[in-house]
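This report covers the sheet, the helices packed on it and the aromatic residues. The sequence and structure are shown here.

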Amino acid sequence: MVKSSNLKSIGYDQSSNILEIEFLSGGIYQYFKVPNQVYLALMKATSKGSYFYRNIKEQYNYNRIN
């Protein structure tokens, strides 16, 4: 669980560089080839939702898993 008005949970697999995000509005997405430093910056961001929309959403291929 993370403190965010848009994101419910965030997970990251460093060995595969897959970022998994669950949204409060529903849906779980996996984003591929996300560098570790992007994940770390997301976790440190004051507004995780804003960081996601600016730096991840349109930058990486993804797949909805739920």
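Helices (H or I, at least four residues) and strands (E, at least two) are DSSP runs, numbered from the N terminus. Two strands pair if DSSP finds at least two bridges between them. This is a predicted model, in which local features need pLDDT of at least 70 and side-chain atom pairs count only at pLDDT 80 or more, while totals for chains, interfaces and linings use all residues. Residues are numbered from 1 along each chain as its sequence is written, and side-chain values use heavy atoms, without hydrogens and water.

An open sheet is formed by 4 strands in the order 1-2-3-4, with antiparallel pairing. Strand 1 and strand 4 (62–64) are the edge strands, each pairing on one side only. On average, neighbouring strands of this sheet are turned by 20 degrees against each other, direction ignored. The antiparallel pairing of strand 3 and strand 4 runs over 3 bridges. Tyrosine 31 stands opposite tyrosine 62, a residue of strand 4.

**Helices on the sheet**

Contact means heavy atoms within 4.5 Å. Axes are lines fitted to C-alpha atoms, for helices over the stretch in contact, and angles run from 0 to 180 degrees between N-to-C directions.

| Helix | Strands | Angle to strand 1 |
|---|---|---|
| Helix 1 | touches strand 1 and strand 2 | about 150 degrees |
| Helix 2 | lies across strand 1, strand 2 and strand 3 | about 55 degrees |

Lys48, Gly49, Tyr51 and Phe52 of helix 2 are buried (under 20% relative accessible area; exposed is over 50%, partly exposed in between; 1.4 Å probe, protein chains only). These residues are on the same side of helix 2 because they cover an arc of only 165 degrees around the axis, taken from the directions from the helix axis to the C-beta atoms. Strand 1, strand 2, strand 3 (28–31) and helix 1 (36–44) are among the elements that cover the buried residues of helix 2.

**Aromatic pairs**

Rings of Phe, Tyr and Trp (its six-membered ring) pair if their centres lie within 6.5 Å; planes under 30 degrees apart count as stacked, over 60 as edge-to-face and the rest as tilted. This rule gives 8 aromatic pairs. Ring pairs join Phe23, Tyr29, Tyr31, Phe52, Tyr53 and Tyr62 into a cluster.
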